Amino acid sequence: MAFKSKKGSEKEIREFYSALYHAWGPQHWWPAESPFEVIVGAYLTQNTSWTNVERAIENLRRDEMLSIDAIRKVRLSRLEKLIRPSGYFRQKARRLKTFIAFLDHQYEGSLEKMFAQPTQRLRQELLELNGVGPETADSILLYGGNHPVFVVDAYTRRILDRHEILPKKTDYEDIRALFEQALQPDVEHQERGAAYVLVPLESGFPGTVHRPSAMSTAHRTAQVQVYNEMHGLIVGVGKFHCGKSKVKCDGCPLQAFLPKVRDEE
């Protein structure tokens with residue numbers, strides 16, 4: 001593959017954002033009612049689909065377990081049973097307990113105090129917890145605490161590789177830095193109060209859009225909002241068009257950017 005230069009990569013990522021947002025509009029991601037629910041979801045979504053996470057979250061909601069105090073007090077065996085649909089439930093239950101212990105020890109059990117910390121300091125603390133890698137840490141920071149960090153996932157890597165922007169095995173931090181730099185003009189565009197004009201959908205599902213929730217409609221800075229939307233839009237491409245083994249380019253807003261399509265024009 002002939003991967004693009006840094007300047008060319010940034011330009012195409014901006015074009016991706018514009019094309020996806022015009023086609024699908026706001027995605028209302030992350031679908032949650034509280035910052036703590038975002039954190040729980042970030043742990044549960046590891047190595048599973050969001051559909052399975054939703055089933056586990058619903059179990060927790062039904063049993064009034066979506067609070068710090070509830071997870072702190074619940075028996076590990078019961079927590080495992082409730083989150084079983086998410087897979088790796090024993091491992092994830094222990095990790096949730098570990099997070100609560102960290103929150104209690106470092107921040108007196110307060111998410112407000114935790115999220116008030118500088119981004120890089122808190123990110124490093126999260127990465128030191130068992131079971132928290134860069135994607136989980138950045139999901140917690142961006143979606144739970146409105147910290148300006150871009151979340152890189154498997155969908156992001158796959159799309160970049162297939163569009164010959166970056167190889168799939170590129171270092172996480174390099175991908176994150178590229179997106180944050182590339183999207184800066186869109187951040188400035190939004191800071192000036194400008195808004196994209198959305199094109200009505202003719203057919204199909206608009207990405208991975210969810211119903212508005214308390215977290216998806218919460219106040220955010222322009223930078224956080226742009227990172228939020230871009231990641232949600234990429235998830236939509238990965239779920240409905242750019243699968244690991246099944247690829248459906250027809251109808252994808254990014255089809256025109258594929259190297260073979262570009263070269264034919």
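Predicted model: local features only at pLDDT ≥ 70, side-chain atom pairs only at ≥ 80, totals over all residues.

Residues are numbered from 1 along each chain as its sequence is written, and side-chain values use heavy atoms, with hydrogens and water left out.

**His22**
- You will find His22 in helix H1, residues 6-24 (a helix is a DSSP run of H or I, at least four residues, numbered from the N terminus).
- His22 is partly exposed, at a relative accessible area of 24% (buried means under 20%, exposed over 50%, partly exposed in between, with a 1.4 Å probe and protein chains only).
- A polar atom of the His22 side chain lies 2.7 Å from the backbone oxygen of Ser18.

**Cysteines**
- The whole structure has 0 disulfides (pairs of cysteine sulfur atoms within 2.5 Å).
- Cys242 is buried, with a relative accessible area of 9%, and its sulfur is 6.9 Å from the closest cysteine sulfur, in Cys249, too far for a bond.
- Cys249 is partly exposed at 26% relative accessibility.
- For the sulfur of Cys249, the closest cysteine sulfur is in Cys252, 6.8 Å away and too far for a bond.

Methods
Helix = DSSP H or I, 4+ residues; strand = E, 2+ residues; numbered from the N terminus. Polar contact = N/O pair within 3.5 Å; in protein donor to acceptor, adjacent residues only side chain to side chain.
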